[in-house]
Amino acid sequence: MNSLNDNAAQWTMLLTMFVAQLPILLVSLVGCIVTWGRWNETQSRAAGWALLGFGIALVLCVFMPVGQTLVQNWVVGGHLVAQRAWAFTVAGLFWSIVRAVSYACLLMAVLAGAQRSEG
C-alpha cells in the first residue's frame with residue numbers, strides 16, 4: 001500500500017471515530033453553553049462543576065479519536081503483539097479515567113445543587 005492509501009485510510013478511521021463521538025460531543029457542547037449561561041447569572045458552585053464536567057467531556061471527544069489514531073499508527077509500525085496490546089490497554093484506561101473524571105464533576109454538580117437547595 002502506498003502512502004496515499006495509508007493516509008486515506010487513516011483519515012477515514014479518524015473521521016469514523018469522530019462520528020462515533022458526535023452524540024456525546026453535541027450533548028457536551030449544549031451542556032457547556034447552557035451551563036455557561038447559568039454560571040454567569042448565578043456564579044453557583046453547581047454550575048461551575050457542571051461546566052467543568054461538560055468541558056472535559058467535550059475536549060475528550062476531540063482528543064480521544066486523535067489519540068487513538070496516533071496509538072494505532074505507532075503500534076502498526078512493527079511492534080510485537082504484546083506491545084500493541086499494552087499500548088491499547090494503557091490508552092483505553094487513560095480515556096476511561098478521563099471520562100470518569102468528567103462524570104465525577106457532573107456528580108459534584110448534582111450534589112452541590114442539592115446542597116444549595118436544602119440550605
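These are my notebook entries on a predicted model of one chain.

**Ground rules.** I number residues from 1 along each chain as its sequence is written, and my side-chain values use heavy atoms, leaving out hydrogens and water. Because the model is predicted, I ask for pLDDT of at least 70 for local features and 80 or more for side-chain atom pairs, while totals for chains, interfaces and linings use all residues.

**Elements.** I looked up the secondary structure and found 3 helices and 0 strands, running α-α-α from the N terminus on. Helices here are DSSP runs of H or I with at least four residues, strands are E runs of at least two, and numbering starts at the N terminus.

**Overall shape.** Along the principal axes, the C-alpha atoms fill a box of roughly 65 × 30 × 15 Å.

I see 27% of the 119 residues counted as buried (under 20% relative accessible area; exposed is over 50%, partly exposed in between, with a 1.4 Å probe and protein chains only). Taking contacts (heavy atoms within 4.5 Å) between residues at least 6 apart in sequence, I note that 71% join residues at least 24 apart.

**Leu-111.** I ended in helix α3, residues 81-118, where Leu-111 lies. Leu-111 is partly exposed because its relative accessible area is 46%.
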